[in-house]
Amino acid sequence: MRVKIIGSAAGGGFPQWNCNYHLSRAVRHGEDGFLPRTQSSLAVSANGRDWAIFNASPDIRAQIAATPELQPAADGALRDSPVRAVVLTNADVDHIAGLLSLRERHRYAVYATERVLEVLEQNSIFNVLDRDAVDRRPLPLSGRTVIADREGAPTGIIVDTFSVAGKVALFLEDQTKAEHGFGTQSGDTIGLRIGTTGGSGALYYIPGCAAIDENLKARLTCADCLLFDGTVYTDTEMPDAGVGAKTGKRMGHLAISGPDGSVAQLADTSIARRIYVHINNTNPILDPRSDEAAAVLAAGWEIGFDGMEIAL
Ligand code: MLT
Ligand code: MN
């Protein structure tokens with residue numbers, strides 16, 4: 001299985017278009033060691049030929065332009081793409097807006113939970129995806145799905161779905177239910193085990209996660225590789241930076257650091273490779289010379305970057 005992180009940043013990207021925080025300034029001005037990052041997305045292939053995109057970010061056009069594997073084959077048809085399917089883990093704007101760019105009658109399948117498919121259904125702009133060409137298929141909240149192309153031919157990719165603690169998409173928050181997760185329901189955020197019919201390694205992909213419980217730890221035990229929510233280093237990072245009032249918890253993202261953070265909570269779980277993705281532009285690990293980046297690396301984590309390839 002080939003896995004490429006095609007977007008390692010959270011919503012907004014790095015630098016974010018309107019951000020003057022010192023990290024966005026540093027990457028904008030090309031400071032040594034700072035890597036620009038596009039918004040959250042992953043490309044996976046079981047056979048090196050057919051690809052599935054996990055989460056379609058607003059940067060998908062640039063991500064495909066930067067990834068030869070996702071481009072039309074030199075000997076392909078006049079209109080051609082190796083993208084056979086798009087799989088969504090939630091309905092956040094940074095994970096679905098890219099669908100609007102994947103039109104032009106290319107035939108592929110979109111997989112998401114009923115809750116997320118309902119969001120696409122309710123927003124008529126997604127009708128730009130011609131239903132004859134783009135088939136919408138439900139993922140169960142728990143269970144295995146063989147990812148197939150539009151015609152039903154298997155891609156060799158298999159996903160196992162499980163729900164994780166999360167939050168309903170920002171644009172769907174119900175302010176009258178602030179005490180109850182703003183209307184969050186199960187199916188709003190899922191995690192995925194991504195494997196192949198060939199049965200070589202498997203990858204856990206959890207770009208949004210509000211809490212780690214014993215169930216999740218048990219599931220991840222002995223994983224070959226984990227790509228996990230690295231949005232914020234500390235829960236109060238955005239208010240502390242002065243860029244916004246929301247904590248990580250408020251956004252449905254567990255912090256990296258602290259006694260309840262993901263480094264500490266997964267320290268005793270045996271996972272061969274652990275990599276942070278969906279990294280927000282306020283997160284100090286984006287500065288490769290920071291103490292926080294050093295602490296994450298010392299704890300055995302890697303910091304995902306655009307173009308990072310993982311062979312499993
Ligand atoms: C998130 O991950 O919390 C969302 O993508 C934030 C957003 O809607 O930009
Ligand atoms: Mn996001």
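Student: How do the residues lining the largest pocket divide by class?

Tutor: This is a predicted model, in which local features need pLDDT of at least 70 and side-chain atom pairs count only at pLDDT 80 or more, while totals for chains, interfaces and linings use all residues. Residues are numbered from 1 along each chain as its sequence is written, chains are lettered from A and ligands numbered from 1 in the order in which they are written, and side-chain values use heavy atoms, without hydrogens and water. On a 1 Å grid over the protein atoms alone, a pocket is an open set of points where a 1.4 Å probe fits, with protein on both sides within 12 Å along at least five of seven lines, and lining residues have an atom within 4 Å of a point. With Ala, Val, Leu, Ile, Met, Phe, Trp, Tyr, Cys and Pro as nonpolar, Asp, Glu, Lys and Arg as charged, and the others, Gly among them, as polar, the lining has 14 nonpolar, 17 polar and five charged residues.

Student: Nice! What is the volume of the largest pocket?

Tutor: The lining comprises 36 residues, with Gly 11, Leu 170, Met 251, His 253 and Asn 280 nearest the centre. Grid points are joined across faces, edges and corners, and a volume is the space filled by probe spheres set on them. For the largest pocket that comes to about 710 Å³.

Student: Which pocket holds ligand 1?

Tutor: A molecule sits in a pocket if more than half of its atoms lie within 2 Å of the grid points. By that test, ligand 1 takes up the largest pocket.

Student: How far is an oxygen atom of ligand 1 from an N or O atom in the side chain of His 253?

Tutor: A polar contact here is a pair of N or O atoms within 3.5 Å. Asp 92 has a side-chain N or O atom 3.2 Å from an oxygen of ligand 1, and His 278 has a polar side-chain atom 3.1 Å from one. For His 253, the distance is 2.8 Å.

Student: And the second largest pocket: how much space lies in it?

Tutor: Its lining has eight nonpolar, four polar and six charged residues. The space in the second largest pocket is about 510 Å³.

Technical notes
A polar contact is a pair of N or O atoms within 3.5 Å; within protein, one must be able to donate a hydrogen and the other to accept it, and residues adjacent in sequence count only if both atoms are side-chain atoms.
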